[in-house]
Amino acid sequence: MESTTAKGTIIVTGANGGLGSAITKEIVSKPEFSAYYGLYLVRDAAYAPALDSVLATSSKHPHEALSIDLTDLDSVRKAAEAINLRVSEGKIPQIRALVLNAGFQDFGKQTWTKDGFDTTFSVNYLGHWLLTLLLLKSIDRDAGRIVIVGSQAHDPNDKRNDSSKAFIDDKYNPMIRDKDNFEAIAKGKWSSAIEDTTWRSGFRRYGAAKLCLTMMMHELQHRMNTDPQLKSVCILGVDPGAMSTGLQRHASWFIRVLLFQIVLPLTLLLMSKPPLRPTQKSASHILQAAFDSNEVLGQYPKDLYFNGDEPLETSEESRDAQKRELVWKESVRYTQLKEGETVLAAWE
């Protein structure tokens, strides 16, 4: 299905998962989004039952699913090339909102990509970094927004992480110290499942990947602000909070079933401020960041981060300009980004 009359294109990665499906459900159920073209990115567009069931409820919202494997940099390039081509040919409108939602947590069952990167690092960060840089040529330069889905795990000093005891060892806080240490994170040698056989090893690597994604928010906005073509494009972040989703699929029975399907859902009924958030609520917060203009967000809400819909300062480490530049330059090297692949002037 193609649409040349839509107001803009909405792209959501990881659209077949818990939060991704909830974001899609919000889009297809709200009349104001029916004017947009939906492009839903999943690992296998031929088999995305959760996404298919949500999209089947709407006849007004033009949409399609597209395959992308964020662990495979060739797949990321192929998907971006297909999207850019269709925008340039006028078959779909420019990208109004790019939601970097796809997430992965291995709970200690560590794996690596064919390129030799830690899977958690590749899915949560590196694949998204490359996809974003490639898709900038198709973004709406007047009103385009990019939204990263953050996490409390990006900040070892966030009080919400205290109970996990994942960051009490000084060797994990701060996470990024130098080039060699960052390479250890990228290649899965930092907090590896061999070094720590508990679920905490995966939680730390997830946190490190989300830290890189949060750094990307700050650094990309900084670089776009000085770019004549992209200076009006905004990038924001939303921490969706703890939710019961497919993110826990690799966890133990205790975490996956007892904690996330029984104990925490009960807190939704019993507490005024429960530790668990319904996916639909988090989805609405993400779309609010992608589309709203109000006194909180402003017309051009640049480089803002929210816990739900409340402004939150990101970690001290994520705001370190030297570390951000290190992560950026290494990401260029890891993805082998070349001149002409992105329209961002300060891409190197």
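Leaving aside neighbours within four places in sequence, Asn161 is in contact (heavy atoms within 4.5 Å) with Gln152, Ala153, Asp155, Pro156, Phe167 and Phe203. The model is predicted: local features need pLDDT of at least 70, side-chain atom pairs count only at pLDDT 80 or more, and totals for chains, interfaces and linings use all residues. Residues are numbered from 1 along each chain as its sequence is written, and side-chain values use heavy atoms, with hydrogens and water left out.

Asn161 sits in the loop between β5 (145-149) and α5 (179-186); helices (H or I, at least four residues) and strands (E, at least two) are DSSP runs, numbered from the N terminus. Its relative accessibility is 3%, so Asn161 counts as buried (under 20% relative accessible area, 1.4 Å probe, protein chains only). The Asn161 side chain reaches the backbone oxygen of Asp155 at 2.8 Å.

Eight strands make up an open sheet of mixed pairing, ordered β3-β2-β1-β4-β5-β6-β7-β8; two strands pair if DSSP finds at least two bridges between them. β3 (63-67) and β8 (310-311) are the edges, each with a single partner strand, so one side of each has no neighbour in the sheet. Strand β2 (residues 37-42) runs parallel to β3, joined by five bridges; Leu39 has Glu64 in β3 as its bridge partner.

| Helix | Strands | Angle |
|---|---|---|
| α4 (residues 119-135) | β1 (9-13), β2, β4 (95-100), β5 | about 170 degrees to β4 |
| α6 (residues 200-225) | β4, β5, β6 (234-239), β7 (305-307) | about 160 degrees with β6 |

Key: Buried means under 20% relative accessible area, exposed over 50%, partly exposed in between (1.4 Å probe, protein chains only). A polar contact is a pair of N or O atoms within 3.5 Å; within protein, one must be able to donate a hydrogen and the other to accept it, and residues adjacent in sequence count only if both atoms are side-chain atoms. Axes are lines fitted to C-alpha atoms, for helices over the stretch in contact, and angles run from 0 to 180 degrees between N-to-C directions.
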